[in-house]
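Subject: Structure for you to look at

Hi,

Here is the structure I promised to pass on. Please open it and keep it beside you as you read my notes.

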Amino acid sequence: MADSALEVTKLTVKYAERVAVNELSFSIKSGEIYGLLGPNGAGKSSTIKSVLGLVKYAGGIDILGMGPPSSRVMNSIGVVMETPALLEALTPREFFEFAGSVRGSFDQKRVEALVEAFELGEYMDMPIASLSAGNKQKVAVVSAMMHRPKLLLLDEPFNALDVKSVRIMKGLIQKHVDDGGAVLFSTHIMEVAEKICTRIGIINAGKIMAEGTLQEIEEQANAGNLEDAFLKTIHADEQIKSLLEGL
Amino acid sequence: MYSVRKVASTVYKELLFQGYTASRLSGMRPSNSRSAIRASKWNKVILSVTYGGILAAMSVISYIIGRPYSSSLEAFVWSFFMVTISSLNLSFATQQSGYIKDLLLTLSVNEGDFSRIATLSFFMTMDFPVYSAIVVTAIISLLFGGFPYSFMGSVQGIAIGIATSSVFVIVGSKGSSRPRLRSIFRVVSILPLMVVVMFSSFIMEISPAGMNHALSLLPVTSTFFGGEGMIYAIVTLIYTAAFIVLALLLFLRASGLILSTQEIFVTLRRKASRSFNIRGSIGALLRVDMVQSFRSRIAGIWALPFGYLIAAIASAFSNGSYISSNTFMFIVSYPLILGIMLSFLPYALYLSEIRGAIAFRILPISPIRNLLSKEVIAVAVYYVAEVPMMALLLFYRASALSLVPLLLGFGPLFASTAFMAIFFEKTVKEGGALSTLYTIVYGIVTLIIDAIPLGAFIIIYILMHSYIYPSLVMLVISLVEAAVMMISLSKK
C-alpha cells in the first residue's frame, strides 16, 4: 500500500458565522493526483489554505506523516496559490534564491531547466511586480517545483497560463507522481480534472458530495462524462435547465 | 446618468477597504470581511475624535499655562499627524488601484470625470481629520482671542500633512529607469515627517523670548512669533498661504495618479545575467528584509533614527556642558530614547512584508526565524546609531562607565521587536484588518514594553548612582520580556 501524503479529517473552517468547510475528510496517497472539484465558493481554496495553516481550522491535518502544517513541513511541499504568492519587490532570480536559501537546498540545473521550460529567462532580473499575470503564475510554479517536493498543493494552477505552459505543467505534474509524489489539485475546469486526476472529490458548500476515480464518479451519478456527473452531484443540472428556460 | 460624487464615494470606499485590509497586497482575505469594512469606515472617525481631542487638550493647556505660542506648534504637529495617518492607508490601496479605472471604463464612466472622481475620493480619506482640526482650533482661537496661534498652526499642519500624503502617493506610483535614485528619494520623502517629530520634542522647551529672532523668518517657527507684531503676523500669513498652494499643487498631482497606478516598484531594471546566489536561511531573510523595505514606499523609515541622531547631536553640541554636568539625563533623554525610536524600524520591516505575506507562510520560515532577522537588523542599526553618541560622551569627558547603558541599551528595542512580531502575525491572520482602537492598544503596549526596563534603569540609577547595575537590570528585564514574547510567538 502506498504511503499517505495527506490525511484530512473532519476539517471545518469558519469565516465569522459562515461555514466555508464543513467536517471535510479525505486522504491522498503518494503517486496520486487528487482533484478537488467544486463550484465557486465551495470551499476548495479554504481547504488548501487550511492544509497550509493559513486560516484557522478545526479538525485533523496530517501532512506526509509529519503532523499539521508547520514551517518544517513546508520544506516538503510545493504550493501554487490561486493568486500567486510572491514577494513582488524581488526579481524572479532573487525570489528563487530566497526560496532556495530558506529551504536549504537549491538545484541550480533544475531551476534553470524550469526557467527555460516556462520561458522566463528574459524576465529573471525584472521586479515580479512588473510581470504579467501569466509570468507571475509561472514564477510561482517554478518556485513550487524547484525543490522536488513530495506533495504539491495546486489551487487553480493553470490560471493565466498560455497553452504551451499548461501542457508543460501537466507533464511536470505527471512526472511528479510517476516519481512517487502526490498532488492535491483544485479546479473548476472539468476537462483538466478529467485528464490528469487519479481520484476526484466533488465538494459543495464545504462538504464532499462524491469521491472516487473518474469512472466511479460517473457511475455514481449515472452520467456519461465528468461535467454531467459534477452537475448532477451538486444538484445543479435541473436548476440550470429551469434557469435557461426562464431566460 | 451618474453622479460624480456618488462614484467618488464608491471609489473611496474601495480604496479605504483595500488600504485598510491590504488584502490585495497580502493575498489574505480578512477573516471577517463585514467587520473589516465597518472598521475601515470608522477608522478616520475614531482618528479624528481621538487626535482632535488631544489637539484640543494640548492647545487649551498651552493657553492656560500662559504659553499661547506653544499651541501653534501643538496644533501644527497634531493636525499634521491626523491628516497623514488618516490617508497613509491610501498608499497601500493605490499600489494596485489601476483595476478601479479599468472597472469604471467598463461601466461607461466618462474618462473626463476621472480626475474629479480621483480628487474627491482622495480628499474623502482625510476630510474628517481636516474638518476636525480646523473646527477645534478655530473655536480655541476664538475663545482665547489674540493672535490665532492654534488655528494658524493647524492650517499649516494640515497643508504640510496633505503635501506629505500626496508625496507618498507620487513617490510610490511611478517607475523609474534609475531605481537606486528612486530608493533614495523614498528615504528622503519622509523628511517632513521627521521635521514634525523633531518639532514635537522641542515644543515645551522653547519660547519666543528665548529663541533667535531669525527663526521668525523660517517656515513653521515663524508662527511662534505671530503675536509679537504685525510684521510677524504677515510673515506667518505668507508662509501659510505658501503651504496651502504647495499642498494644493501636490494634492492635484497625486490625485491624478491614484486611479492609474498599477505597480509600485521600479520596472525598467535590466541586468546582465548572473548566477544564483544562495545564502544561509537568516542571511537570505536579512537580504530580503533590506531589499523589500528599500524598494517599498516605507523606505523613508530608514531616515527616521538617523534624523533623530543628527538632531540629538546638534542639540548636544549646542549645550555640551550639559552632557558633562548631567550625563545621566543626557543618556536617558537622547541615546536611550533613540533606541526606543528604533522600534519603528522592525515595524516597517514587517509592514513591507504585508505584500506577499502568504509567500512567507508557504516557505519554511517560522515566525521566530523571521523575527530573528528583524532583531539582527534592529540591533545592528541600534549600534550604528549609538556609536556617535558614545563618541560624543567620550568627547565631553564623561566617564567610560557611562557607555555601559548604551552598550546594553538594545534590550528594550529587542523586546519591542518581538512584540511587533506578534502584532504582525495577528494582523496577517486577520487579513491586515485590525481596528484603529486595537492598533492604538498595541502602540501603547509597545511603549509599556519599552518603558518598563527603561523605568527600572532610571529608578535603580537614582537609588545606586551606578551605571552598571541599572544597565544590567534593564537588559535582564528586556530579555525576559523578549523571551515571553518569543514563547507566545512560537505557540501561534
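A:Lys136 and A:Glu88 are both buried. Keep in mind that this is a predicted model. The side chains of these two residues, A:Lys136 and A:Glu88, form a salt bridge, with 3.4 Å from N to O. A:Lys136 sits in helix H5 of chain A, residues 133–145, while A:Glu88 sits in the loop between strand S5 (77–80) and helix H3 (92–103) of chain A, so the pair ties together parts that are 48 residues apart in sequence.

Next, look at A:Arg93 and A:Asp125. Their side chains also meet in a salt bridge, at 2.9 Å from N to O. A:Arg93 belongs to helix H3 of chain A, and A:Asp125 to the loop between helix H4 (108–117) and H5 of chain A, so this pair ties together parts that are 32 residues apart in sequence. Are these two residues buried or exposed? Buried means under 20% relative accessible area. A:Arg93 has 5% relative accessibility, so A:Arg93 counts as buried. A:Asp125 has a relative accessible area of 9%, so A:Asp125 is buried as well.

Another salt bridge stays inside one helix. The side chains of A:Lys241 and A:Glu238 meet there, at 3.8 Å from N to O. Both residues lie in helix H10 of chain A, residues 237–246. They are three residues apart, which is about one turn of the helix.

There is also a network. Salt bridges link A:Glu32, A:Arg199 and A:Glu211. How many salt bridges are there over all chains? A search of the whole structure finds twelve.

The axes of H3(A) and H5(A) come within 10 Å and cross at roughly 25 degrees. Angles under 35 degrees count as roughly parallel, so H3(A) and H5(A) are roughly parallel to each other. Their crossing is right-handed. Which residues meet? From H3(A) come A:Pro92, A:Phe95, A:Phe96, A:Ala99 and A:Arg103. From H5(A) come A:Val139, A:Val142 and A:Ser143. By class, this contact of H3(A) with H5(A) has six nonpolar residues, one polar and one charged.

Chain B has a helix pair to look at too. Helix H6 of chain B (residues 114–124) packs on helix H11 of chain B (residues 230–255) at an angle of about 115 degrees. The axes of H6(B) and H11(B) are 8 Å apart. Angles of 65 to 115 degrees count as roughly perpendicular, so H6(B) and H11(B) are roughly perpendicular to each other. H6(B) passes H11(B) in a right-handed crossing. On the H6(B) side, the residues in contact are B:Ala118, B:Thr119, B:Phe122 and B:Phe123. On the H11(B) side, they are B:Phe251, B:Leu252, B:Ala254 and B:Ser255. By class, the contact of H6(B) with H11(B) has six nonpolar residues, two polar and no charged ones.

B:Ser115 is part of helix H6 of chain B. At 45% relative accessibility, B:Ser115 counts as partly exposed. Where is B:Leu259 relative to B:Ser115? The two are 144 residues apart in sequence, yet 8.7 Å apart in space, C-alpha to C-alpha.

Best wishes

Technical notes:
Residues numbered from 1 in each chain as written. Chains lettered and ligands numbered in written order. Predicted model: local features only at pLDDT ≥ 70, side-chain atom pairs only at ≥ 80, totals over all residues. Heavy atoms only, no water. Salt bridge = Lys/Arg side-chain N within 4 Å of Asp/Glu carboxyl O. Helix = DSSP H or I, 4+ residues; strand = E, 2+ residues; numbered from the N terminus. Buried < 20%, exposed > 50% of the residue type's maximum accessible area, 1.4 Å probe, protein only. Axes fitted to C-alpha atoms, helices over the stretch in contact; angles between N-to-C directions. Parallel < 35°, antiparallel > 145°, perpendicular 65-115°, else oblique. Left-handed = near helix turned anticlockwise from the far one by under 90°. Contact = heavy atoms within 4.5 Å. Nonpolar A, V, L, I, M, F, W, Y, C, P; charged D, E, K, R; others polar.
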